[in-house]
Amino acid sequence: PHLGRIGGRVLDLSSSVERYRETTRCYISRDEADMEIVTEVPAPRSVVWSYCVDAKRRHRWQLDTTSVENQPSEYGRSGVGWVSHCDHGSYRLNHRMADWQPFDYLTMETVSGGRFIKRPPPSFAMFALEELPGTRCKLSLRIRLINRSLLMRAVFALVRPLVPREWTGHLETLTRVVREETAQTEE
């Protein structure tokens, strides 16, 4: 009573957070992708997710990398703003997490450095995971160029035949590594 009348209001922050998350989505549909590579992995999507985001695990299946290093976001966490650096010897990739929806998909903005022809132009790369029956997961890698100019699409057309060959090998290795580690865990 000694303070007098005090005004205030109540805000529903959960709806504000959800609106923010929806406006910052960076989802690449099949129709929007410049390229899509799909594989089936014999593990639940939560396990496959860990192979996509953990630097040590990624290094086990992306065999052309000499090193993979993750740096947390400004908040000290994995998620949007998180950065990953991959050294592929003749070129480097810097990935900044643009969207992070655990176990469903993650989208990285990828910029490369180096002079090797296989280095990709600036693009968004999305790993989409879909649970399948029998503890299996469908993993789709979708790539979309950031610069949609005619010149960049022509450059990508030159590099495009190399990308599926390389990524098919990576994804085959991922499947083998997951199968081996799952078998070891079960033993």
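Rings of Phe, Tyr and Trp (for Trp, the six-membered ring) form an aromatic pair if their centres lie within 6.5 Å, and planes under 30 degrees apart count as stacked, over 60 as edge-to-face and the rest as tilted. The structure in these views is a predicted model, in which local features need pLDDT of at least 70 and side-chain atom pairs count only at pLDDT 80 or more, while totals for chains, interfaces and linings use all residues. Residues are numbered from 1 along each chain as its sequence is written, and side-chain values use heavy atoms, with hydrogens and water left out.

**View 1. Aromatic pairs, with Trp49 and Phe103 as the example.** Seven aromatic pairs are found when the whole structure is searched. In one of them, the ring centres of Trp49 and Phe103 are 6.0 Å apart and the ring planes stand at 75°, so this pair is edge-to-face. Because Trp49 belongs to helix H2 (residues 45–53) and Phe103 to the loop between strand S4 (91–101) and strand S5 (105–114), the pair ties together parts that are 54 residues apart in sequence; helices (H or I, at least four residues) and strands (E, at least two) are DSSP runs, numbered from the N terminus.

View 2. Trp49, Trp82, Trp100 and Phe103 are linked into a cluster by ring pairs. Trp49 is buried, with a relative accessible area of 6%, whereas Phe103 is partly exposed, at 36%. Here buried means under 20% relative accessible area, exposed over 50%, and partly exposed in between, calculated with a 1.4 Å probe and protein chains only.

**View 3. Ser84 and its surroundings.** Ser84 lies in strand S3, which covers residues 83–87, and is buried, with a relative accessible area of 0%. Its side chain makes a polar contact with the side chain of Arg58 at 3.1 Å, where a polar contact is a pair of N or O atoms within 3.5 Å; within protein, one must be able to donate a hydrogen and the other to accept it, and residues adjacent in sequence count only if both atoms are side-chain atoms. Leaving aside neighbours within four places in sequence, Ser84 is in contact (heavy atoms within 4.5 Å) with Arg58, Val68, Glu69, Asn70, Leu93, Asn94 and His95.

**View 4. The chain that holds these sites.** The protein chain has five helices and seven strands, and of its 187 residues, 37% count as buried. Along its principal axes, the C-alpha trace spans about 75 × 50 × 30 Å.
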